[in-house]
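Let's take a walk through this model together. We'll begin with the overall picture, move on to a sheet and the helices around it, and end in the cores.

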Amino acid sequence: MLYQITDGTVTAGGKPILSHIDFEIKGKEKIAVVGKNGAGKTTLLRLIAGELSLDRDDKRMGPGITSSRRLTIGMLSQNAAEDGEKTVEEILLESCPAVDAYSRERFEYEMEYDRIFTGFGFRKEEKKRRLSSFSGGEQTKISLIRLLLQKPDILLLDEPTNHLDIHTVEWLEGYMREYEKAVVFVSHDRFFLDQVVDVVYELREGKLRRYPGNYTHYREQKQKDLAAWKKAYERQQEELKRLEELVERFKHKPKKASFARSKRKAAERVERIEKPDEDDVHLFTGDIEPLVPGSKWVFESEHLKIGYDKALLEISLRIRKGQKIGILGDNGAGKTTFLKTIAGLMEPLDGKFSLGNRTVMGYFDQFSASIGSKKPVAEHFHDLFPSMTEKEVRSVLGAYLFGGKAASTPVDSLSGGEKSRLVLAELLQSRPNLLLLDEPTNHMDIQAKETLESAFRAYTGTIIFVSHDRYFIRQVADAILIFEGQSVMYYPFGYEHYLERCRKAGGESIAARIQAEEQALIAGIRAVPKAERHRLKEMDTEDAYLDWQLRLRAERMEDAEYQAERLWEQQMEAARIEEIRLEQEWKEWFEKKDEARSGDGAGNPEDSTKDWDGSSEALPVAWEQWTESCLAWYEIWVEAEERRR
């Protein structure tokens, strides 16, 4: 055990911030601490850093904080400009353990700090600049670089991805995965946590709970634990109610009085299960269906040029009903301009586009949340949907985390993130069949983001959205549009599949690689008799694109088939082992049945089979995924065949 807190308490102003917590760091663990704002996450970091001490507690046995040896602990400083007149190189070399400027150790150290410095987006020559000449965000990055070079035994990072662009965050993820010491993170970047951490501690109402695995595993396990807790609580309440009814029924009957007393004592002996906490996130279990289904093709464009004075890019694209498409690209690439053009807020510069028949659109951007009203949230919402009853209004608002007192809060008193959530709830309740969303989760806490992610997954209409939240993109998008340079690339799978493809591409642009593959397919199509070449202009790109889609879908289908077959083999092996065990039990039972005539000997082996059905929960899911991948491939194949006819 590298570091451990046992039964620790920290109070401030008489209010407990951390209450009898247990916390431990083993070896090189990468740990995330999550919880609501104000839950005490930063307090925990300061406690580990030695800036705070545990309260004295007569009930606690031992010192409360122990470590395996004398540890170095580093915490990201919030004041990076303390050495403002020094150059970056001077500051970074302060952590160099080598005195000799010509030693191999010094050479390796400088190689390392060059790698980290450029990894954070700086140019090598910038290390000659004074620290004070950098912006506040850049100074914070330099402080982080300095801390990484010091390599303390425990590194404490509070929101390390703030002020970092997406490329730098991705670089930091890779570096943190290989980092050779323990790290404790506090971060709202859920995708970052998924990539780097292997333990999550949830801080809630002053208590800490440890969950092995990354952020997604933590959320899944928490949902399972809450469901099991709720089920156990409900079962116990039913049993207590049954016992209470028996007591009330028989306590006044002389012949049954002793029976009633025994049931009362049985109820008193039951160790009460606490009522489970409600999860901060609402998960939508049913579909959110548009009022009007709309046509098969929601959007079609041909050589559509968008921009202001000059074209930012050109798009030829078709979007099918029900797709959820995330748009990726650097700032200024044209993502917002594309959404505004579809919404009719901007005129295209050239080309043409069309929306499908009976398309009903909902549009959200950063200005959509600029709503103002002195009315309470519930009244404001009811005015928009007057046909709903008050109970229905409260139910819908509760699903979007405006339950209880929050529904009575004046709209003007809501934060920016809460107003955005209210507007999105209004959009989803109006049930359009096309949603255009520009940064829908900005300024929202994690609970609000995950509630909306669940809602958008439940929505069966079409969504085209822009977001910098990679976790949100992964959870919602089933296809990606990449805006790069002045071109647009459509990627027909989700965000993680896209990232995996990028990793395989190495330093090469994913768009360039796929375009090269498409060109190879087109070259094959061009190898047709001259008499048929008049058709090439119509068929080459579309057919090549469909062939490419078929190949990628086939890859997913093969992966799903492999997973399903592997689980099936595991289940068959488990069944074989179970069969051997049961045969042995039956053999032993027959040998002892003479001794068991009175019922005191060997139990009936049939009882041992009641809890085993020979099935695996993962197997049906794997077969379902394989079936879905086959159907997705077949749908593309049918479309390709229709075109070839």
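The protein has 18 helices and 18 strands, where helices (H or I, at least four residues) and strands (E, at least two) are DSSP runs numbered from the N terminus. Bear in mind that this is a predicted model: local features need pLDDT of at least 70 and side-chain atom pairs count only at pLDDT 80 or more, while totals for chains, interfaces and linings use all residues. Residues are numbered from 1 along each chain as its sequence is written, and side-chain values use heavy atoms, with hydrogens and water left out. Of the 645 residues, 45% are buried (under 20% relative accessible area, with exposed meaning over 50% and partly exposed in between; 1.4 Å probe, protein chains only).

Now find the open sheet of six strands, ordered β14-β15-β16-β12-β17-β18 with mixed pairing; two strands count as paired if DSSP finds at least two bridges between them. β14 (361-364) and β18 (487-491) are the edge strands, and each has a single partner, so one side of each lacks a neighbour in the sheet. On average, neighbouring strands here are turned by 15° against each other, direction ignored (axes are lines fitted to C-alpha atoms, for helices over the stretch in contact, and angles run from 0 to 180 degrees between N-to-C directions). Further in, β12 (residues 324-329) and β17 (residues 479-484) pair in the parallel sense over five bridges, and L328 has I482 of β17 as its bridge partner.

Helices pack on this sheet too. Helix α12 (residues 416-430) touches β14 and β15 (434-438), its direction making about 175° with that of β14; contact means heavy atoms within 4.5 Å. Helix α15 (residues 495-505) lies across β12, β17 and β18, running at about 110° to β18.

Next, have a look at helix α11 (residues 390-399), where V393, V396, L397 and A399 are buried. They sit on the same side of α11 because they cover an arc of only 155° around the axis, taken from the directions from the helix axis to the C-beta atoms. Over on the other side, E390, K391 and S395 are exposed. The buried residues of α11 pack against α10 (377-384), α12 and α13 (446-458).

Finally, the largest nonpolar core holds 91 residues, of which L148, M176, Y400 and F456 touch the most other members. Such a core is a set of buried Ala, Val, Leu, Ile, Met, Phe, Trp, Tyr and Cys residues joined through side-chain atoms within 4.5 Å. Apart from it lies another core, of 26 residues, including V10, I31, L44 and A182.
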